[in-house]
Amino acid sequence: MLSSLETHVKRLPDDFLFGVATSSYQIEGSNFGGCGLSHWHEFAKKSGRVFNQDDGTIACNHYHLWETDLNLVRDAGFKSYRFSFSWPRLLPENSKKINPEGISFYDKLIDGMLDRGIKPFATLYHWDLPVRHAKKGGWQMRDTANYFADYTDLIMRSFGDRLFSVAPINEPWCVAWLSHYWGHHAPGVESLSSAAKAMHFVQLAHGLSIQVMRSYGHRYLGCVLNKEYAVPFDDTDETVRLTDLFDAIYNKWFDQSIFAGSYPREALALFEEHMPNNYIDDLSIISQPLDWVGTNYYTRSIIKPDKLETGIGFRCIRGDLPKTDMGWEIAPEGLAHFIKRTAENYAPQLPHYITENGMASTDIIQQGKINDIDRVDYFDRHLQIITDLKLQGVNLAGYFAWSLLDNYEWAYGYAKRFGIVHVDYKTQKRMPKLSYRAWQKALTR
Ligand code: FCB
(Lines give C-alpha, C1' and ligand atoms only; values in the text may rest on other atoms or scores of the structure.)
Protein backbone atom coordinates (compact mmCIF):
# COMPACT_ATOMS: atom_id res chain seq x y z
CA MET A 1 0.00 0.00 0.00
CA LEU A 2 1.35 3.43 -0.97
CA SER A 3 1.65 6.12 1.72
CA SER A 4 0.18 9.53 1.00
CA LEU A 5 3.53 11.11 0.13
CA GLU A 6 4.35 8.20 -2.17
CA THR A 7 1.06 8.66 -4.01
CA HIS A 8 1.85 12.32 -4.70
CA VAL A 9 5.41 11.64 -5.77
CA LYS A 10 4.15 8.98 -8.17
CA ARG A 11 1.71 11.43 -9.76
CA LEU A 12 4.45 13.98 -10.47
CA PRO A 13 6.89 13.71 -13.39
CA ASP A 14 10.38 12.33 -12.79
CA ASP A 15 12.03 15.70 -13.31
CA PHE A 16 9.94 17.39 -10.56
CA LEU A 17 12.64 18.49 -8.10
CA PHE A 18 12.20 17.48 -4.47
CA GLY A 19 14.51 19.15 -2.00
CA VAL A 20 14.88 20.20 1.59
CA ALA A 21 15.83 23.63 2.97
CA THR A 22 17.84 25.24 5.77
CA SER A 23 19.65 28.55 6.29
CA SER A 24 23.09 29.58 7.49
CA TYR A 25 22.38 31.35 10.81
CA GLN A 26 19.78 28.76 11.80
CA ILE A 27 22.14 25.76 11.57
CA GLU A 28 25.84 26.53 11.01
CA GLY A 29 27.01 27.89 14.36
CA SER A 30 28.39 31.42 14.09
CA ASN A 31 31.11 30.73 16.69
CA PHE A 32 33.05 28.62 14.23
CA GLY A 33 35.35 29.25 11.27
CA GLY A 34 36.00 32.96 11.71
CA CYS A 35 32.39 34.03 11.21
CA GLY A 36 31.70 37.68 12.06
CA LEU A 37 28.81 39.06 14.08
CA SER A 38 25.40 39.48 12.50
CA HIS A 39 22.58 41.71 13.71
CA TRP A 40 20.75 38.56 14.86
CA HIS A 41 23.38 38.02 17.51
CA GLU A 42 22.87 41.52 18.87
CA PHE A 43 19.10 41.23 18.64
CA ALA A 44 19.07 37.91 20.50
CA LYS A 45 21.19 39.31 23.33
CA LYS A 46 19.78 42.80 23.70
CA SER A 47 16.24 43.17 22.46
CA GLY A 48 14.44 41.03 25.04
CA ARG A 49 12.35 39.72 22.15
CA VAL A 50 14.06 36.38 21.59
CA PHE A 51 12.95 33.38 23.63
CA ASN A 52 15.54 32.60 26.28
CA GLN A 53 17.95 35.02 24.54
CA ASP A 54 18.87 32.02 22.39
CA ASP A 55 21.29 32.81 19.59
CA GLY A 56 22.90 31.00 16.65
CA THR A 57 26.43 30.70 18.05
CA ILE A 58 26.31 26.89 18.12
CA ALA A 59 22.94 26.14 16.48
CA CYS A 60 23.18 22.65 14.90
CA ASN A 61 26.98 22.79 14.58
CA HIS A 62 26.47 22.19 10.88
CA TYR A 63 29.82 23.93 10.29
CA HIS A 64 31.45 20.74 11.57
CA LEU A 65 28.68 18.22 10.86
CA TRP A 66 27.93 19.20 7.25
CA GLU A 67 28.90 15.78 5.90
CA THR A 68 26.47 13.99 8.21
CA ASP A 69 23.80 16.48 7.17
CA LEU A 70 24.41 16.12 3.43
CA ASN A 71 24.29 12.35 3.85
CA LEU A 72 20.86 12.77 5.44
CA VAL A 73 19.73 14.86 2.45
CA ARG A 74 21.02 12.26 0.00
CA ASP A 75 19.72 9.22 1.90
CA ALA A 76 16.21 10.65 2.02
CA GLY A 77 16.29 10.80 -1.77
CA PHE A 78 16.18 14.61 -2.06
CA LYS A 79 17.82 15.76 -5.27
CA SER A 80 18.34 19.36 -4.21
CA TYR A 81 19.39 21.23 -1.08
CA ARG A 82 18.32 24.82 -0.49
CA PHE A 83 20.93 26.47 1.74
CA SER A 84 22.14 30.02 2.30
CA PHE A 85 25.52 31.70 2.38
CA SER A 86 26.41 33.67 5.47
CA TRP A 87 27.52 37.20 4.62
CA PRO A 88 29.37 37.70 7.96
CA ARG A 89 31.12 34.34 7.52
CA LEU A 90 32.52 35.33 4.14
CA LEU A 91 33.22 38.97 4.99
CA PRO A 92 33.49 39.12 8.80
CA GLU A 93 35.33 42.42 9.25
CA ASN A 94 34.78 44.62 6.25
CA SER A 95 33.70 44.42 2.65
CA LYS A 96 37.18 43.72 1.28
CA LYS A 97 38.82 41.22 3.63
CA ILE A 98 37.63 37.74 2.65
CA ASN A 99 37.65 35.02 5.30
CA PRO A 100 39.50 32.02 3.78
CA GLU A 101 37.83 29.62 6.23
CA GLY A 102 34.45 30.82 4.99
CA ILE A 103 35.42 30.22 1.37
CA SER A 104 36.77 26.81 2.21
CA PHE A 105 33.60 25.85 4.14
CA TYR A 106 31.27 26.65 1.22
CA ASP A 107 33.70 25.07 -1.25
CA LYS A 108 33.47 21.81 0.66
CA LEU A 109 29.73 22.09 1.16
CA ILE A 110 28.99 22.72 -2.52
CA ASP A 111 31.40 20.04 -3.73
CA GLY A 112 29.88 17.73 -1.13
CA MET A 113 26.44 18.29 -2.67
CA LEU A 114 27.71 17.73 -6.20
CA ASP A 115 29.53 14.53 -5.15
CA ARG A 116 26.27 13.22 -3.73
CA GLY A 117 24.16 14.12 -6.77
CA ILE A 118 22.41 16.98 -4.96
CA LYS A 119 21.71 20.24 -6.81
CA PRO A 120 22.87 23.35 -4.86
CA PHE A 121 19.86 25.71 -4.63
CA ALA A 122 21.46 28.76 -3.06
CA THR A 123 20.14 31.84 -1.29
CA LEU A 124 22.58 34.70 -0.81
CA TYR A 125 20.88 36.32 2.18
CA HIS A 126 18.76 34.59 4.80
CA TRP A 127 18.74 37.39 7.37
CA ASP A 128 22.26 37.36 8.86
CA LEU A 129 23.24 40.95 8.09
CA PRO A 130 26.81 41.82 9.20
CA VAL A 131 26.50 43.96 12.28
CA ARG A 132 28.66 46.71 10.72
CA HIS A 133 25.96 47.34 8.09
CA ALA A 134 23.18 47.16 10.67
CA LYS A 135 24.94 49.82 12.74
CA LYS A 136 24.84 52.18 9.77
CA GLY A 137 21.10 51.75 9.29
CA GLY A 138 21.02 48.35 7.55
CA TRP A 139 18.19 47.86 5.07
CA GLN A 140 16.99 51.43 5.56
CA MET A 141 20.03 52.57 3.59
CA ARG A 142 20.80 52.49 -0.12
CA ASP A 143 24.44 51.64 0.74
CA THR A 144 23.41 48.24 2.08
CA ALA A 145 21.97 47.35 -1.34
CA ASN A 146 25.26 48.38 -2.96
CA TYR A 147 27.30 46.35 -0.47
CA PHE A 148 25.00 43.42 -1.16
CA ALA A 149 25.84 43.68 -4.85
CA ASP A 150 29.58 43.51 -3.99
CA TYR A 151 28.96 40.49 -1.78
CA THR A 152 27.07 38.87 -4.67
CA ASP A 153 30.11 39.44 -6.86
CA LEU A 154 32.32 37.60 -4.37
CA ILE A 155 29.95 34.63 -4.37
CA MET A 156 29.79 34.50 -8.15
CA ARG A 157 33.59 34.65 -8.42
CA SER A 158 34.06 31.94 -5.85
CA PHE A 159 31.18 29.52 -6.38
CA GLY A 160 28.88 30.75 -9.17
CA ASP A 161 29.55 28.07 -11.78
CA ARG A 162 28.75 25.29 -9.31
CA LEU A 163 25.36 26.63 -8.19
CA PHE A 164 22.33 25.09 -9.88
CA SER A 165 20.21 28.09 -8.98
CA VAL A 166 20.45 31.29 -6.96
CA ALA A 167 17.96 33.64 -5.30
CA PRO A 168 19.34 36.83 -3.75
CA ILE A 169 17.10 37.31 -0.72
CA ASN A 170 14.95 35.03 1.38
CA GLU A 171 11.52 36.51 2.16
CA PRO A 172 11.99 40.25 1.65
CA TRP A 173 8.75 40.93 3.57
CA CYS A 174 10.38 39.55 6.71
CA VAL A 175 13.57 41.51 6.06
CA ALA A 176 11.61 44.74 5.68
CA TRP A 177 8.17 44.79 7.29
CA LEU A 178 8.42 42.15 10.01
CA SER A 179 11.74 43.59 11.14
CA HIS A 180 11.13 47.36 10.72
CA TYR A 181 7.38 47.83 11.28
CA TRP A 182 6.40 45.03 13.66
CA GLY A 183 9.92 44.84 15.11
CA HIS A 184 9.64 41.09 15.67
CA HIS A 185 12.93 40.29 13.95
CA ALA A 186 16.35 41.95 13.91
CA PRO A 187 16.92 44.87 14.05
CA GLY A 188 13.61 45.24 15.94
CA VAL A 189 12.66 48.68 14.64
CA GLU A 190 9.00 49.78 14.84
CA SER A 191 8.52 52.65 12.42
CA LEU A 192 6.50 53.14 9.27
CA SER A 193 9.14 55.44 7.87
CA SER A 194 11.94 52.89 8.42
CA ALA A 195 9.79 50.07 7.09
CA ALA A 196 8.97 51.96 3.88
CA LYS A 197 12.66 52.50 3.19
CA ALA A 198 13.55 48.89 3.94
CA MET A 199 10.67 47.71 1.70
CA HIS A 200 12.33 49.55 -1.17
CA PHE A 201 16.02 48.94 -0.55
CA VAL A 202 15.57 45.21 -0.05
CA GLN A 203 13.98 45.09 -3.49
CA LEU A 204 16.73 47.23 -4.95
CA ALA A 205 19.29 44.84 -3.46
CA HIS A 206 17.50 41.97 -5.21
CA GLY A 207 17.67 43.74 -8.58
CA LEU A 208 21.31 44.80 -8.25
CA SER A 209 22.29 41.29 -7.22
CA ILE A 210 20.52 39.76 -10.23
CA GLN A 211 22.38 42.20 -12.51
CA VAL A 212 25.71 41.11 -11.04
CA MET A 213 24.87 37.44 -11.46
CA ARG A 214 23.76 37.96 -15.05
CA SER A 215 27.06 39.66 -15.79
CA TYR A 216 28.67 36.35 -14.81
CA GLY A 217 26.35 34.55 -17.22
CA HIS A 218 24.34 32.70 -14.55
CA ARG A 219 21.20 31.31 -16.15
CA TYR A 220 19.00 30.06 -13.33
CA LEU A 221 18.14 33.00 -11.12
CA GLY A 222 14.97 33.54 -9.15
CA CYS A 223 13.34 35.06 -6.09
CA VAL A 224 12.00 33.55 -2.87
CA LEU A 225 8.89 35.38 -1.65
CA ASN A 226 6.84 34.41 1.38
CA LYS A 227 3.10 34.58 0.90
CA GLU A 228 0.36 34.69 3.51
CA TYR A 229 -3.24 34.16 2.55
CA ALA A 230 -5.40 37.06 3.75
CA VAL A 231 -9.00 36.47 4.84
CA PRO A 232 -11.26 39.37 5.92
CA PHE A 233 -12.69 39.09 9.46
CA ASP A 234 -16.09 40.22 8.18
CA ASP A 235 -17.54 41.48 4.92
CA THR A 236 -17.76 45.20 5.66
CA ASP A 237 -16.17 47.48 3.05
CA GLU A 238 -13.62 48.68 5.59
CA THR A 239 -12.45 45.16 6.46
CA VAL A 240 -12.23 44.23 2.79
CA ARG A 241 -10.19 47.39 2.13
CA LEU A 242 -7.82 46.54 4.99
CA THR A 243 -7.47 42.97 3.75
CA ASP A 244 -6.42 44.33 0.36
CA LEU A 245 -3.93 46.58 2.12
CA PHE A 246 -2.45 43.61 3.98
CA ASP A 247 -2.23 41.68 0.70
CA ALA A 248 -0.52 44.65 -0.96
CA ILE A 249 2.09 45.03 1.80
CA TYR A 250 2.73 41.36 2.45
CA ASN A 251 2.40 39.80 -0.97
CA LYS A 252 1.92 42.08 -3.97
CA TRP A 253 4.64 44.58 -3.10
CA PHE A 254 7.28 42.02 -3.91
CA ASP A 255 6.02 40.17 -6.97
CA GLN A 256 4.50 43.24 -8.60
CA SER A 257 7.75 45.21 -8.33
CA ILE A 258 9.81 42.29 -9.62
CA PHE A 259 7.52 41.17 -12.43
CA ALA A 260 5.68 44.36 -13.37
CA GLY A 261 8.09 47.12 -12.28
CA SER A 262 5.59 48.93 -10.04
CA TYR A 263 4.43 48.97 -6.43
CA PRO A 264 0.77 48.32 -5.51
CA ARG A 265 -1.09 51.62 -5.06
CA GLU A 266 -2.82 50.59 -1.77
CA ALA A 267 0.57 50.21 -0.08
CA LEU A 268 2.17 53.17 -1.80
CA ALA A 269 -0.59 55.45 -0.53
CA LEU A 270 0.57 54.57 2.97
CA PHE A 271 4.33 54.69 2.32
CA GLU A 272 4.68 57.46 -0.26
CA GLU A 273 5.80 60.24 2.10
CA HIS A 274 8.46 57.95 3.59
CA MET A 275 9.83 56.51 0.37
CA PRO A 276 13.44 57.30 -0.57
CA ASN A 277 13.99 60.10 -3.10
CA ASN A 278 13.71 59.04 -6.72
CA TYR A 279 12.63 55.53 -5.79
CA ILE A 280 10.75 55.28 -9.08
CA ASP A 281 14.04 55.32 -10.97
CA ASP A 282 15.06 52.08 -9.21
CA LEU A 283 12.05 50.08 -10.39
CA SER A 284 13.70 49.19 -13.69
CA ILE A 285 16.63 47.69 -11.73
CA ILE A 286 14.24 45.78 -9.45
CA SER A 287 12.30 44.23 -12.34
CA GLN A 288 15.13 42.22 -13.89
CA PRO A 289 13.92 39.21 -15.86
CA LEU A 290 14.06 35.99 -13.82
CA ASP A 291 14.24 32.29 -14.71
CA TRP A 292 12.04 30.92 -11.94
CA VAL A 293 9.84 32.08 -9.10
CA GLY A 294 9.83 30.69 -5.55
CA THR A 295 7.09 30.77 -2.93
CA ASN A 296 7.44 30.05 0.77
CA TYR A 297 4.07 29.20 2.22
CA TYR A 298 2.97 28.32 5.74
CA THR A 299 -0.38 29.76 6.77
CA ARG A 300 -3.17 32.33 6.46
CA SER A 301 -4.05 35.49 8.41
CA ILE A 302 -7.44 36.88 9.32
CA ILE A 303 -7.49 40.65 8.99
CA LYS A 304 -9.40 42.52 11.69
CA PRO A 305 -9.80 46.31 11.83
CA ASP A 306 -8.07 47.82 14.86
CA LYS A 307 -7.96 51.56 15.31
CA LEU A 308 -5.14 51.31 17.85
CA GLU A 309 -2.85 50.04 15.09
CA THR A 310 -1.95 53.54 13.97
CA GLY A 311 -0.81 53.74 10.39
CA ILE A 312 -2.18 50.48 9.09
CA GLY A 313 -5.43 50.13 11.07
CA PHE A 314 -5.62 46.33 11.30
CA ARG A 315 -4.44 43.36 13.30
CA CYS A 316 -3.73 39.85 12.05
CA ILE A 317 -5.49 37.18 14.06
CA ARG A 318 -5.83 33.41 13.81
CA GLY A 319 -9.09 31.56 13.20
CA ASP A 320 -10.53 28.16 14.05
CA LEU A 321 -8.55 25.87 11.77
CA PRO A 322 -6.18 23.31 13.32
CA LYS A 323 -2.89 24.96 14.26
CA THR A 324 0.77 24.06 14.30
CA ASP A 325 3.03 24.55 17.32
CA MET A 326 3.64 28.12 16.07
CA GLY A 327 -0.09 28.78 16.44
CA TRP A 328 -0.27 29.04 12.65
CA GLU A 329 -3.46 27.74 11.06
CA ILE A 330 -3.08 24.94 8.52
CA ALA A 331 -4.65 26.37 5.36
CA PRO A 332 -3.32 24.66 2.21
CA GLU A 333 -5.88 26.38 -0.04
CA GLY A 334 -3.83 29.57 0.27
CA LEU A 335 -0.97 27.87 -1.51
CA ALA A 336 -3.19 27.13 -4.52
CA HIS A 337 -4.36 30.74 -4.51
CA PHE A 338 -0.83 32.14 -4.76
CA ILE A 339 0.48 29.65 -7.30
CA LYS A 340 -2.45 30.39 -9.60
CA ARG A 341 -2.29 34.14 -9.05
CA THR A 342 1.44 34.33 -9.76
CA ALA A 343 1.04 32.26 -12.91
CA GLU A 344 -1.95 34.24 -14.15
CA ASN A 345 -0.72 37.72 -13.31
CA TYR A 346 2.97 37.65 -13.89
CA ALA A 347 4.79 34.55 -14.81
CA PRO A 348 2.83 31.89 -16.71
CA GLN A 349 5.95 30.61 -18.43
CA LEU A 350 8.32 30.57 -15.46
CA PRO A 351 9.00 27.40 -13.49
CA HIS A 352 7.49 27.81 -10.02
CA TYR A 353 9.12 26.24 -6.96
CA ILE A 354 7.68 25.93 -3.49
CA THR A 355 10.89 26.92 -1.74
CA GLU A 356 9.65 26.39 1.84
CA ASN A 357 6.71 24.61 3.40
CA GLY A 358 6.51 22.73 6.67
CA MET A 359 5.34 22.87 10.28
CA ALA A 360 6.54 23.08 13.85
CA SER A 361 5.27 20.39 16.16
CA THR A 362 6.00 19.33 19.71
CA ASP A 363 7.64 16.05 18.68
CA ILE A 364 7.60 13.78 21.72
CA ILE A 365 10.28 11.08 21.78
CA GLN A 366 8.70 7.72 22.60
CA GLN A 367 10.79 4.56 22.72
CA GLY A 368 13.54 6.28 20.78
CA LYS A 369 11.22 7.44 18.00
CA ILE A 370 9.33 10.53 16.93
CA ASN A 371 6.09 9.70 15.20
CA ASP A 372 5.36 13.13 13.76
CA ILE A 373 2.31 11.99 11.91
CA ASP A 374 0.91 15.56 12.00
CA ARG A 375 3.91 16.76 9.97
CA VAL A 376 3.46 13.97 7.39
CA ASP A 377 -0.17 15.03 7.11
CA TYR A 378 0.84 18.68 6.65
CA PHE A 379 3.19 17.79 3.78
CA ASP A 380 0.54 15.50 2.33
CA ARG A 381 -2.13 18.22 2.26
CA HIS A 382 0.14 20.74 0.58
CA LEU A 383 1.47 18.22 -1.93
CA GLN A 384 -2.12 17.41 -2.84
CA ILE A 385 -2.48 21.04 -3.99
CA ILE A 386 0.73 20.82 -5.95
CA THR A 387 -0.05 17.59 -7.73
CA ASP A 388 -3.54 18.80 -8.63
CA LEU A 389 -2.22 22.06 -10.09
CA LYS A 390 0.58 20.31 -11.91
CA LEU A 391 -1.92 17.94 -13.53
CA GLN A 392 -3.92 21.01 -14.59
CA GLY A 393 -0.85 22.22 -16.48
CA VAL A 394 0.60 24.81 -14.05
CA ASN A 395 4.37 25.04 -14.50
CA LEU A 396 5.36 23.72 -11.06
CA ALA A 397 8.96 22.53 -11.03
CA GLY A 398 9.84 21.62 -7.46
CA TYR A 399 9.08 21.51 -3.74
CA PHE A 400 11.38 22.07 -0.75
CA ALA A 401 10.40 20.89 2.70
CA TRP A 402 11.28 23.18 5.59
CA SER A 403 13.39 21.97 7.26
CA LEU A 404 16.04 19.27 7.19
CA LEU A 405 16.89 19.80 10.85
CA ASP A 406 15.28 21.25 13.94
CA ASN A 407 17.06 24.57 14.19
CA TYR A 408 17.19 28.14 15.50
CA GLU A 409 13.69 29.46 14.88
CA TRP A 410 14.56 33.17 15.14
CA ALA A 411 12.57 34.95 17.88
CA TYR A 412 11.38 31.55 19.16
CA GLY A 413 14.96 30.40 19.74
CA TYR A 414 15.24 26.61 19.97
CA ALA A 415 11.73 26.21 21.34
CA LYS A 416 10.08 25.38 18.00
CA ARG A 417 10.95 22.34 15.96
CA PHE A 418 10.44 22.29 12.19
CA GLY A 419 12.88 19.51 11.25
CA ILE A 420 12.21 16.17 9.62
CA VAL A 421 15.33 15.23 11.59
CA HIS A 422 15.36 15.81 15.35
CA VAL A 423 18.41 17.53 16.84
CA ASP A 424 19.44 17.00 20.45
CA TYR A 425 21.13 20.35 21.07
CA LYS A 426 23.22 18.99 23.97
CA THR A 427 24.80 16.11 22.06
CA GLN A 428 24.13 17.38 18.50
CA LYS A 429 22.84 13.92 17.70
CA ARG A 430 20.56 13.78 14.68
CA MET A 431 17.55 11.45 14.75
CA PRO A 432 15.33 11.06 11.68
CA LYS A 433 11.63 11.43 12.50
CA LEU A 434 8.77 9.50 10.93
CA SER A 435 8.39 12.35 8.40
CA TYR A 436 11.98 11.81 7.22
CA ARG A 437 11.22 8.10 6.74
CA ALA A 438 8.03 8.96 4.86
CA TRP A 439 9.96 11.19 2.44
CA GLN A 440 12.63 8.53 2.09
CA LYS A 441 10.07 5.88 1.25
CA ALA A 442 8.39 8.14 -1.28
CA LEU A 443 11.56 9.40 -2.96
CA THR A 444 13.70 6.28 -3.07
CA ARG A 445 11.17 3.91 -4.60
C1 FCB B 1 10.36 31.21 7.18
C2 FCB B 1 11.87 31.40 7.22
C3 FCB B 1 12.64 30.22 7.76
C4 FCB B 1 11.92 29.58 8.93
C5 FCB B 1 10.48 29.29 8.58
C6 FCB B 1 9.70 28.59 9.65
O7 FCB B 1 9.73 32.43 7.23
O8 FCB B 1 12.36 31.66 5.92
O9 FCB B 1 13.92 30.64 8.08
O10 FCB B 1 12.04 30.36 10.03
O11 FCB B 1 9.83 30.50 8.26
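These legends describe close-up views of a predicted model. Local features need pLDDT of at least 70, side-chain atom pairs count only at pLDDT 80 or more, and totals for chains, interfaces and linings use all residues. Residues are numbered from 1 along each chain as its sequence is written, and side-chain values use heavy atoms, with hydrogens and water left out.

**View A. Residues around the ligand.** Gln26, His126, Trp127, Asn170, Glu171, Tyr298, Glu356, Trp402, Glu409, Trp410 and Phe418 surround the ligand (each has a heavy atom within 4 Å of it).

View B. A polar contact here is a pair of N or O atoms within 3.5 Å. An N or O atom in the Glu171 side chain is 2.5 Å from a ligand oxygen. For Glu409, a polar side-chain atom lies 2.7 Å from an oxygen atom of the ligand. For Trp410, the distance is 3.0 Å. On its own the ligand has 290 Å² of accessible area, and the protein covers 95% of it (Shrake-Rupley method, 1.4 Å probe).

View C. A disulfide is a pair of cysteine sulfur atoms within 2.5 Å. The count is 0. The cysteine sulfur nearest to Cys60 is that of Cys35, 15 Å away. Cys60 is buried, at 0% relative accessibility (buried is under 20% relative accessible area, exposed over 50%, partly exposed in between; 1.4 Å probe, protein chains only). For Cys316, the nearest cysteine sulfur belongs to Cys174, 12 Å away. Cys316 is partly exposed, at 35%.

**View D. Helix α16.** This helix (a DSSP run of H or I, at least four residues, numbered from the N terminus) spans residues 434-443. It is largely enclosed by the rest of the structure, because 7 of its 10 residues are buried. Among them are Tyr436, Trp439 and Leu443.

Conventions: Helices (H or I, at least four residues) and strands (E, at least two) are DSSP runs, numbered from the N terminus. A polar contact is a pair of N or O atoms within 3.5 Å; within protein, one must be able to donate a hydrogen and the other to accept it, and residues adjacent in sequence count only if both atoms are side-chain atoms.
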